[in-house]
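These are my notebook entries on a structure that is new to me. I went through it one topic at a time and wrote down what I looked up.

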Amino acid sequence: MKSLEEINQIREQKRKELDLRVNLKANTREKHILVCRGTGCTSSKSPVIIDTFRKLIEEKHIENVKVIQTGCFGLCAKGPIVIIRPEDTFYAMVTPDDCEEIINTHIVEGKLVERLLCKDIDESVVHSLDELSFYKKQKRIALKNCGVINPESIDEYIAFDGYKALEKVLTSMSQDEVIEEISKSGLRGRGGAGFPTGKKWSFTKMAEGDQKYVVCNADEGDPGAFMDRSILEGDPHCVIEAMMIAGYAIGADKGYIYVRAEYPIAVHRFQVAIDQAREYGILGKNIWNTGFNFDLEIRLGAGAFVCGEETALLESIEGRRGQPRLKPPYPANAGLWGKPTLINNVETYANITKIILNGADWYNSIGTETSKGTKVFALGGNVVNVGLVEVPMGTTLREIVFDIGGGIPGGKEFKAAQTGGPSGGCIPKEHLDTPIDYESLSSIGSMMGSGGLIVMDDTKCMVNLAKFYLGFTVDESCGKCTPCRIGTKRMLEILTKICDGEGTESDIEKLETLAKNISKASVCGLGQTAPNPVLSTLKYFKDEYKAHVVDKKCPAGECKALASITINPELCKGCGICKRNCPVDAITGEVKQAHKINPEICIKCGSCVEKCPFKAISK
Amino acid sequence: MEEKCVDKKVREETKEILEKHPREKDQLIMVLNDVQEKYGYIPKQSQLVISEYLSMPMAEIYGVITFYSRFTLSPKGKYNIAVCLGTACFVKGSEKILDRVKQKLGIDVGQTTPDGKFSIDATRCIGACGLAPVFTVNDEVYGKATVQMVDEVIEKYQKM
Amino acid sequence: MSNKEEITLTIDGKQVSVEKGTTILEAAKKVNIDIPTLCFLKEINEAGDCRMCVVEVEGRRGFATSCIQKAEEGMVVKTNTPNVIEARKMVLDLTLSNHERDCLTCSRNGNCELQDLCIKYHVQNVEYEGERTEHEIDDASPSIVRNFNKCILCRRCISTCKKVQEIGAIDCAGRGFESSVSTTYNDSLKDVDCTFCGQCILSCPTGALQEKESIEDVWKKLRDPETYVIVQTAPAVRVALGEEFGMPIGTNVKGKMVTALKELGFDKVFDTNTGADLTIMEEANEFIERLQNGGTLPMITSCSPGWVRFAEKNYGELLGHLSSCKSPHQMFGAILKSYFAEKYRIDRNKICTVSVMPCIAKKYECSRPEMEVDGVRDVDYVITTRELAKMIKQANIEFTELEDNDFEDPMGEASGAGAIFGTTGGVMEAAIRTAVDTLENKSIDKIEYKEVRGEKGIKEATLNVAGKEIKIAVASGLANARKIMEQIKENKSPYHFVEIMACPGGCVVGGGQPIKSSKTRSAVDVRKLRADSIYAIDEKSKIRKSHENPFIKKLYDEYLEKPGSHLSHKYLHTKYNAKAKYDI
């Protein structure tokens with residue numbers, strides 16, 4: 001148990017020690033080697049890198065150097081990432097074998113390991129993080145601590161203003177003042193729908209009930225998104241602190257965080273954070289003698305996308321199948337076990353402490369008229385800088401894809417971007433300059449969603465993409481209501497038919513009618529938005545659908561049944577690479593003679609197209 | 001007789017898991033997560049014990065197990081190959097990777113080879129989008145995967 | 001006058017005032033607007049899943065779900081806009097696209113809520129055909145056939161099993177298009193915790209659930225000149241059978257039923273009520289024995305085979321509380337193959353006994369190994385009220401035009417006490433009538449015990465008999481049965497004598513009775529209408545106590561000696577065995 005004074009002492013002392021993390025000119029002889037331990041870098045062996053560094057430091061008796069695990073730096077494409085502070089040197093794609101050189105050259109000799117330095121989009125060598133164009137247009141609020149602190153150390157969190165917002169709230173603000181501050185900030189739900197957060201808090205506060213709950217929705221299900229996971233992995237305490245502030249504001253003493261069990265690192269870090277907060281007396285009874293009680297529990301999801309829908313999530317916390325409840329009543333009035341319940345997602349909570357500390361006016365000054373603050377996106381797909389980005393609302397798609405994301409790799413063209421995952425839509429080239437905010441995105445048939453942003457180049461077939469998303473929805477539909485259970489299946493069947501070259505024009509009409517009615521008649525958000533990928537691709541790429549059903553062609557060459565792969569004998573040099581790479585031995589030909597593909601055997605996998613050094617093979 | 005012994009062991013181990021949780025119905029999913037973790041699937045005997053302990057009908061437990069894709073009713077292969085079908089991987093061609101794995105092993109998603117050595121899962125985003133397309137074999141991650149890589153990796157495990 | 005707040009809203013241009021808390025669906029009914037529903041079953045399944053009942057509410061985005069959502073002051077509701085109609089048609093189209101459409105040969109042809117809606121919305125073809133889910137038919141149990149190729153996932157059966165009966169033998173399994181109503185591991189109902197109460201069948205809007213029919217077997221016996229086929233009908237059948245021929249709910253069609261059975265070719269037509277009188281003699285005697293000799297109390301009735309199966313599966317250690325009496329039709333079957341066969345010199349091996357029952361658990365009961373004497377089955381076939389109606393129709397009998405006839409002598413006589421067996425509280429009331437007279441050793445004037453009548457799940461009363469206080473209770477529905485049993489388990493039961501019936505409301509709404517649509521069940525109290533009719537039979541009876549039934553007296557004089565005698569035990573009593581809840 002720590003008193004408020006003790007917490008403040010820890011903050012003061014630790015902040016000094018950690019100055020080198022954020023200050024290039026820090027007056028210290030210490031060095032911190034920061035290694036990303038987010039899921040992405042962990043997959044490419046960053047734990048081994050940490051162990052290797054530590055072993056080398058011990059073996060070589062090096063002093064004043066610490067190896068620190070951090071959360072995600074954002075630029076996952078360059079992972080595993082190692083950053084050395086205070087000088088802020090950025091080493092990319094580090095392998096365990098590189099560790100010794102980094103220690104010898106950088107730490108011991110004080111010289112840069114040139115070959116490992118990160119290169120920018122224009123191939124220029126970057127010495128420090130701030131120089132990277134990837135970071136230039138970003139503004140980190142929700143991700144403020146990610147990549148800065150060790151997420152498993154409550155002291156490091158406290159050092160960077162941790163639990164200061166809670167102190168402010170508990171010692172100097174009334175419940176209504178907290179809600180007023182959040183309302184004034186203009187913060188809207190980051191889970192996708194964008195409901196004003198302050199309003200939600202106020203409804204839950206006003207609801208009658210002897211017991212209320214605060215819930216954090218960390219069931220990030222969009223198949224191309226990892227914002228919430230990165231926050232939990234990189235800065236778990238900021239979510240705990242925000243949930244406590246919410247608990248104080250609405251009058252709840254119990255919180256639940258619902259996390260996917262598929263996020264083992266996030267679950268572990270969050271549990272560590274809860275344990276630490278309990279140990280410090282930050283979670284528990286009569287916190288800091290203010291009379292405020294609050295405790296938190298983790299509940300694990302088990303692989304059901306629909307549990308990201310707030311009422312399905314409540315069902316799942318209660319131990320049942322995650323089938324959504326009909327609204328109204330809303331969770332604010334009847335949520336967990338029928339009690340008033342406040343549900344916000346991880347990123348929403350990650351903004352709260354900053355709003356409380358810096359004031360609503362500060363937050364309000366960032367973003368657009370209706371959408372305030374920043375938004376975190378998981379940028380993926382056919383883009384150079386795959387990773388996690390946080391930008392002020394109102395940043396255009398073009399800035400994200402090209403300035404931050406570095407554009408499309410392989411000399412290909414931008415075709416579309418997809419936001420909102422299975423509930424969202426495609427944004428074509430002509431809307432690249434749309435500012436990203438809630439209203440603009442929905443006006444062009446997409447939605448903000450939780451933050452998945454997938455970029456597609458011109459080799460991607462939009463019908464096939466719609467099919468991919470419908471396949472996802474069909475898999476993930478809970479099966480409760482008829483339109484979603486059977487309707488989405490029928491839509492998928494029609495899309496499959498079209499991709500297989502068996503579609504007709506009337507199928508496109510059927511698809512539209514079904515889509516419209518499923519949107520209207522489904523019980524929950526999943527069903528209501530499931531047709532969006534189809535509706536938006538139909539809106540912007542109807543010609544592509546037409547080509548599939550009328551000309552029986554897939555213009556992008558992605559739909560196998562409609563593709564035929566041929567070798568241009570004029571260009572073929574007979575090198576045999578295609579033959580060796582064909583998994584089904586469909587290619588024949590003598591060395592230095594033009595080769596041929598047997599269409600009977602060919603499975604249209606496209607490996608030969610990719611491998612041909614002379615671009616002689618085309619779909 | 002041997003089978004009975006196994007059943008008894010599973011029942012006792014499940015009881016141990018149950019005792020770590022409060023005896024409340026809302027603990028079902030937490031308990032099932034632990035059982036799944038322990039056995040790689042949820043044995044029928046475990047379900048019977050859970051049913052008694054939480055006073056919950058077997059059909060309801062079965063309903064919950066079959067709702068959540070993380071829970072399975074039969075053991076997975078010694079090597080579980082999971083191909084990520086998250087959007088980022090999809091856009092980078094994970095369908096081809098999955099097709100190749102299926103073709104190579106002659107089984108479909110959710111199945112186990114007759115020798116019990118391999119099983120295939122199609123998973124949603126595993127978070128290694130920077131490495132897309134990605135597949136995993138048990139805990140080992142294979143990034144920037146190609147069809148050739150699939151062949152090599154499977155052959156490697158076949159020899160193990 | 002209600003002191004609840006009234007609100008006023010407009011539905012399709014009509015103003016309507018309703019109590020606050022009324023759903024849009026109910027409010028619409030008040031102004032004669034019939035919003036279609038499919039998954040809705042009042043107070044049992046109010047989930048809004050099927051989306052048939054969607055309506056538009058002015059100023060609201062998307063549809064409102066009228067079966068659940070409450071009417072609000074000033075609300076303007078439109079129930080039949082083109083948008084709504086299009087959505088409903090799509091729902092029907094999609095539902096049909098995954099439905100086995102052998103409607104003409106389906107057991108529910110003509111009494112199917114899906115069919116009715118398709119007629120209403122003039123569905124002519126299925127636009128969105130596609131893959132169908134395939135389910136194996138489970139016909140392994142003696143009572144229920146599940147054909148989930150006809151299931152539309154309304155989940156009314158699940159709610160009935162789980163919420164009303166608190167059994168939960170079936171639940172929703174799988175996800176999305178692959179969702180299904182399933183037992184654990186989709187095992188047969190015979191191997192799981194199902195009690196065969198059959199309430200799920202009554203709640204099914206289509207033909208996905210039905211009784212295992214014995215119609216063909218019975219026809220075969222009727223056609224066989226070598227077989228002497230005797231039929232008996234349970235008390236609840238006569239107040240429901242007429243409904244299958246369009247007569248008002250609860251009409252007593254005893255006379256026409258007897259005539260029809262004779263026309264069907266049964267050699268003898270008897271009344272299970274007589275068997276009920278016999279049960280009362282044995283059961284009252286058993287109760288008095290236990291009461292006076294320190295036997296296991298409370299004693300619990302054992303007429304309801306669903307309840308017995310429930311007890312065997314859940315309370316194996318408490319089976320001593322159950323009366324050892326067989327149920328009335330089993331007793332009567334045993335008497336037919338012994339006393340009757342001997343008296344009328346008919347080879348008992350050539351007698352086939354058929355029971356017409358409001359119950360599907362009776363099908364299981366008659367197949368229990370215990371239900372035979374010296375290798376001769378007490379009852380050979382049980383058919384439900386619904387099956388009897390089908391046989392009457394198959395035989396070209398114009399049921400409503402039939403003249404009345406009486407059950408046959410000498411075994412057709414029954415008391416009013418036997419008649420009320422068909423409703424919750426009836427067995428208790430009948431038993432009390434006899435037990436009180438026996439204990440007081442005189443004929444008591446009080447005949448009606450209204451404290452054990454009515455719809456309440458558990459009814460209690462304390463009687464003062466021969467200077468002794470006797471506490472009785474009546475429970476109907478298995479959720480209430482569980483409450484009684486938990487009390488006993490904890491040694492806290494205050495009762496001496498308890499009546500339990502598996503079906504909520506008793507046999508009048510048993511799993512074998514005519515199936516009423518959700519709409520009918522919302523509008524009228526089916527149980528009460530049928531029960532009232534049964535009580536009317538009792539009231540009009542000359543003999544209202546079982547021990548005053550002259551045939552029963554004669555049977556004891558000529559054959560059984562006295563209740564609880566050696567012969568009684570041989571023919572009329574049985575044993576119970578604890579059973580595994582799940583045989584998997």
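This is a predicted model: local features need pLDDT of at least 70, side-chain atom pairs count only at pLDDT 80 or more; totals for chains, interfaces and linings use all residues.

**Entry: a helix of chain C**

I began with helix α18 of chain C, residues 550–560, and looked up its buried residues, which are C:I552, C:L555 and C:L560. Seen down the axis of α18(C), these buried residues fall within an arc of 55°, so they line one face of the helix. On the other side of α18(C) I found C:P550, C:K553, C:D557 and C:E558, which are exposed.

I then asked what covers the buried residues of α18(C). The cover includes α8 (272–293), α10 (328–343) and α19 (566–572), which belong to chain C. Following the chain past the helix, I noted that α18(C) is followed by C:E561, whose phi is positive, near 75°.

**Entry: a sheet of chain C**

Next I looked up an open sheet of chain C, in which four strands stand in the order β12-β19-β18-β17 with mixed pairing. At its edges are β12 (299–300) and β17 (458–465) of chain C, each with a single partner strand, so one side of each is left without a neighbour in the sheet.

**Entry: a covered strand of chain A**

In chain A I turned to strand β10, residues 374–381, and asked how many of its residues are buried. The strand is mostly covered, with eight of its eight residues buried.

I followed its pairings to two strands. With strand β11 (residues 387–392) of chain A, β10(A) runs antiparallel and is joined by six bridges, and the two form a hairpin with five residues between them. In β11(A), A:G387 is the bridge partner of A:L379. With strand β14 (residues 452–457) of chain A, β10(A) pairs in the parallel sense over four bridges, and there A:G380 stands opposite A:I454.

**Entry: domains of chains B and C**

For chain B the domain assignment gives domain 1 (2–67) and domain 2 (79–159), and I noted that the C-alpha centres of these domains of chain B lie 30 Å apart.

For chain C the assignment gives domain 1 (6–80), domain 2 (101–211) and domain 3 (215–390 + 408–512 + 526–572). The C-alpha centres of domain 1 and domain 2 of chain C lie 27 Å apart. Their contact takes 10 residues from domain 1 of chain C and 13 residues from domain 2 of chain C. On the side of domain 1 of chain C that touches domain 2, I noted eight nonpolar residues, one polar and one charged.

**Entry: where chain C meets chain B**

Last, I looked up how many residues of chain C are in contact with chain B. I found 17 residues of chain C in contact with 10 residues of chain B. Strand β7 (residues 171–173) of chain C gives the largest share of the side of chain C that touches chain B, namely three residues. By kind, the residues of that side of chain C divide into nine nonpolar, five polar and three charged.

Conventions. Residues are numbered from 1 along each chain as its sequence is written. Chains are lettered from A and ligands numbered from 1 in the order in which they are written. A residue is buried if 20 or more other C-beta atoms lie within 10 Å of its own, exposed if 12 or fewer, and partly exposed in between; C-beta atoms are placed from the backbone. The arc is that of the directions from the helix axis to the C-beta atoms. Two residues are in contact if their C-beta atoms, placed from the backbone, lie within 7 Å. Ala, Val, Leu, Ile, Met, Phe, Trp, Tyr, Cys and Pro count as nonpolar, Asp, Glu, Lys and Arg as charged, and the others, Gly among them, as polar. Two strands pair if DSSP finds at least two bridges between them. Domain bounds come from an automatic or database domain assignment.
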